[in-house]
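Open the model in your viewer and keep the selection tool handy. We will go from stop to stop, and at each one you will find what to select and what is there.

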Amino acid sequence: GNGAHVPVLIIGTGYGGSVAALRLAQAGVPVHMVEMGMAWDTPGPDGKIFANTRTPDYRSYWLRTRTKQPIVNFLGFPLDKDVPRYTGILDAEDFGEILVYQGRGVGGGSLVNGGMAVTPKRARFSSVLPSVNAAEMYDVYYPRANAELGVNEIDVSWFDSTPAYQYSRVGRKHAQRSNFDFLYVPNVYDFDYMEQEAAGTVPKSALAAEILYGNNHGKKSLQQTYLARAKATGLVTISALHRVTSVSPASGGGYTVVIEQLDTTGGVTATKTVTADRVFFAAGSVGTSKLLVRMRATGKLPNLSGEVGKGWGDNGNVMCGRANHLWDPTGALQSSIPTAGIDNWDDGGAFAEVAPIPTGIETWASFYLSITDTPHRAEFTWNAAAGRVELNWQASWKQVSIDRAKSIFDKINRKEGTIYRTDLFGIYKIWGDHLTYHPLGGAVLGKATDNYGRLHGYPGLYAIDGSLIPGNTTVNPFVTITALAERNIEKIIATDL
Ligand code: FAD
């Protein structure tokens with residue numbers, strides 16, 4: 001409540017925040033978590049907590065009056081539609097030259113993401129987090145993160161036989177015919193549950209096109225893993241629909257945190273002030289960067305490092321579709337959970353997920369989300385006149401990522417005698433190069449912070465989320481965000497508390 005004093009306040013309930021909450025509580029420290037999104041624990045009028053990808057509704061978007069779907073067009077038909085403004089689950093945050101998709105709610109990105117749980121190849125780790133001891137990460141923290149997140153792998157014999165992964169088998173055939181490495185990608189969606197969905201014995205989720213606006217069954221989001229265990233300690237409380245707007249040193253020590261309570265239209269219904277001995281910034285790469293940059297510029301935390309706001313990257317995300325021949329249908333039933341990838345990182349700087357388009361009809365399309373090795377990094381800055389934080393990302397920077405993705409798909413198209421789809425991202429637009437799902441950086445480890453996430457200039461302030469990672473993880477990021485948070489919180493508990 002207003003005026004309270006807490007030992008630890010955590011801003012955000014995504015991967016970094018959830019790891020910090022569990023480990024601090026297990027060490028006996030009471031923790032208060034503040035989350036601007038909703039709790040996502042109550043069914044709507046249709047009896048479901050989460051909306052289906054095929055039928056976005058008021059629950060789907062964060063304070064938008066029109067959907068902003070990643071695929072904007074299909075066979076010439078625009079897909080977006082009007083929805084009531086609501087504190088929905090997916091934020092398509094517009095920075096002018098890039099749209100940054102993020103999860104909103106208790107569980108952060110784990111509520112909306114594809115669940116792909118990928119540990120980078122060890123040989124590539126020094127490019128991901130150069131200042132971190134790789135042996136410790138691969139011996140201790142990656143295994144710990146994978147175990148706690150409930151990561152599992154698909155049974156390849158089921159993959160080989162189920163209609164739901166025909167699209168992925170077509171992806172495999174085309175990758176292998178062009179001599180690319182094809183990998184099965186682990187996931188936090190329970191593949192045993194998915195097999196039961198296929199058998200018709202449980203309610204369907206992955207096989208009923210649920211993913212982008214939440215999964216009602218089957219997926220182990222943070223609500224089922226780290227956060228459940230954190231709450232079970234009895235030491236963790238979570239305030240949903242509460243947004244942190246300010247952090248500054250308190251006169252008697254510790255930090256004053258200003259928090260706005262929101263209603264479901266985004267209106268502010270109350271403003272509260274809390275004092276905390278320690279504050280963990282776990283608002284995600286964008287949320288943490290925006291807060292820190294604004295606090296530094298507006299004199300609330302003037303001694304933050306000049307590195308705060310820098311080193312932001314998009315993990316080189318770019319999407320594309322290929323048009324298959326009539327003899328290569330990808331199937332009307334497509335599991336919404338991707339479980340395969342094409343690894344051309346060493347030769348072409350690209351790792352491509354074979355992704356579904358779960359429309360429920362045959363599309364003859366193969367669809368891919370590529371993660372690419374891009375050199376471009378942007379910076380968040382405070383625009384005092386406009387009263388907002390801006391990001392200087394340039395749309396043209398995506399060309400490097402397109403070229404790297406082409407190292408895979410030009411070759412496959414040549415081999416198969418196929419072409420790119422030109423309808424998915426607009427009329428005659430091949431590349432989905434206007435967005436990222438993987439914002440990383442802005443409070444980079446060892447630059448804006450020390451080597452464990454302690455923010456320079458302010459004892460007791462920490463960054464512990466994707467903002468620590470300098471822009472690229474070579475694969476999907478959440479396992480690395482989780483493992484790094486495990487490493488950092490262990491050190492912080494041992495030495496700071
Ligand atoms: P987040 O998970 O983003 O959590 C931050 C939380 O802080 C959010 O809940 C936010 O609402 C809250 N917050 C922000 N600002 C404030 C504030 N001022 N006050 C209070 N609360 C605040 N990664 C993978 O590894 N595999 C995938 O398959 C995958 N698929 C994805 C698909 C989509 C559509 C998206 C959007 C992302 C996907 N990702 C995937 C990325 C992954 O979800 C993110 O990298 C990850 O969630 C980031 O974790 P985090 O702890 O840094 O922050």
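Select strand 7 (residues 181–184) together with strand 13: the two pair in the antiparallel sense over 4 bridges. Helices (H or I, at least four residues) and strands (E, at least two) are DSSP runs, numbered from the N terminus, and two strands pair if DSSP finds at least two bridges between them. Within this pair, Tyr184 stands opposite Ala340 in strand 13.

A word on the model before moving on. It is a predicted model, in which local features need pLDDT of at least 70 and side-chain atom pairs count only at pLDDT 80 or more, while totals for chains, interfaces and linings use all residues. Residues are numbered from 1 along each chain as its sequence is written.

**The sheet around strand 13**

Strand 13 and strand 14 run antiparallel and are joined by 4 bridges, and Ile342 has Ala352 in strand 14 as its bridge partner.

Which way do the residues of strand 13 point? Ala340, Ile342 and Asn344 point one way, Gly341 and Asp343 the other way, and all are buried. In a regular strand the side chains alternate between the two faces of the sheet. Here a residue is buried if 20 or more other C-beta atoms lie within 10 Å of its own, exposed if 12 or fewer, and partly exposed in between, with C-beta atoms placed from the backbone. Strand 13 is largely enclosed by the rest of the structure, because 5 of its 5 residues are buried.

Strand 12 has 5 of its 6 residues buried, so it is largely enclosed by the rest of the structure.

**Helix 10**

Select residues 398–416 to see helix 10, which has 19 residues. From its first C-alpha to its last, helix 10 reaches 26 Å, close to the 27 Å expected at 1.5 Å a residue; the expected span is 1.5 Å times one less than the number of residues. Centre on Lys406 to find a kink of about 45 degrees, where the bend is the angle between axes fitted to the seven residues ending there and the seven starting there.

Which residues of helix 10 are buried? They are Lys398, Ser401, Arg404, Ala405, Ile408, Phe409 and Ile412.

**Across to Ser178**

Select Ser178, in the loop between helix 5 and strand 7. Ser178 counts as partly exposed because it has 18 C-beta neighbours inside 10 Å. Leaving out residues up to four places away in sequence, Ser178 touches Lys411, Ile412 and Lys415; contact means C-beta atoms, placed from the backbone, within 7 Å. The C-alpha atoms of Ser178 and Phe409 are separated by 9.5 Å, although the two residues are 231 apart along the chain.

**Last stop: the ligand**

Show the ligand and the 39 residues around it, of which Gly12, Gly14, Gly108, Gly109 and Gly287 come nearest. A residue belongs here if its C-beta atom, placed from the backbone, lies within 6 Å. Elements giving two or more residues to this shell include helix 1 (15–26), strand 6 (99–103) and helix 8 (284–297). Helix 8 gives the most, with 4 residues.

Notes. Contact = placed C-beta atoms within 7 Å.
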